[in-house]
Amino acid sequence: MTCLECGTPMRTRKENYRYDECGLKYVTLAGVEVARCTRCGNYEISIPHIEELHRLLAKVLIEKSTRFTGNEVRFLRKSLGWSGSDFAKHMGVTVETVSRWENDAAPIGPQADRLLRFLVAQGRLTTKYPTERLAKIDLKKATATRVTLTTHNEQWRVRAA
């Protein structure tokens, strides 16, 4: 493989990669192939089974024990395939409210948080979600979820902390 920027041959190796492109903080993909150009620093990453990866991230998010951050609301909305206005209609709020949630200008309320978890759990993203988990969610604070993911036998898995 050659660099698209300068034409120099790239070196490929397995690395841990901070996956900022998904829109979430603290997501690390462990052992993915990254091709780097030694001349100009350009790099290309190979992320296998990206749809499965995003389904797993959505599952991790709805199972967390604190309310969602703005980035997490945006990720889940996009995972459901909805625009901001479609999401607002499904959630029974205004587009401005969705914008405030996603930009951390206002926290998502407890009822909306629960509804979003159910929508994701009942959607194509995951197949089951224990409702007793909702009673354990601390809606007074939002914490970004740290997660490291790895591939094994061509399937994404959450690496134990």
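At what angle do the axes of helix H1 and helix H2 cross? This is a predicted model, and in it the two axes cross at roughly 135° and come within 10 Å. H1 covers residues 50-62, and H2 covers residues 70-79. The crossing of H1 past H2 is left-handed.

Now the residues. On the H1 side, the contact is made by His 54, Leu 57, Ala 58, Leu 61 and Ile 62. H2 contributes Glu 72, Phe 75 and Leu 76. Sorted by class, that gives six nonpolar residues, one polar and one charged.

Next, H5. The axes of H1 and H5 also come within 10 Å, and they cross at roughly 145°. H1 passes H5 in a left-handed crossing as well. Here Ala 58, Leu 61 and Ile 62 of H1 meet Arg 117, Val 120 and Ala 121 of H5. Five of these residues are nonpolar, none is polar and one is charged.

On to the core. The largest nonpolar core has 34 residues, and those touching the most other members are Val 27, Leu 57, Leu 76, Leu 116 and Leu 149. At least two core residues come from each of strand S2, H1, H2, helix H3, helix H4, H5 and strand S6. H1 gives the largest share, seven residues.

Last, Leu 57. Which residues does Leu 57 contact, leaving aside neighbours within four places in sequence? They are Tyr 19, Cys 22, Val 27, Phe 75, Val 147 and Leu 149. Of these, Phe 75 also belongs to the H2 side of the H1 contact.

Terms used: Residues numbered from 1 in each chain as written. Predicted model: local features only at pLDDT ≥ 70, side-chain atom pairs only at ≥ 80, totals over all residues. Heavy atoms only, no water. Axes fitted to C-alpha atoms, helices over the stretch in contact; angles between N-to-C directions. Helix = DSSP H or I, 4+ residues; strand = E, 2+ residues; numbered from the N terminus. Left-handed = near helix turned anticlockwise from the far one by under 90°. Contact = heavy atoms within 4.5 Å. Nonpolar A, V, L, I, M, F, W, Y, C, P; charged D, E, K, R; others polar. Core = buried A, V, L, I, M, F, W, Y, C linked by side-chain atoms within 4.5 Å. Buried < 20%, exposed > 50% of the residue type's maximum accessible area, 1.4 Å probe, protein only.
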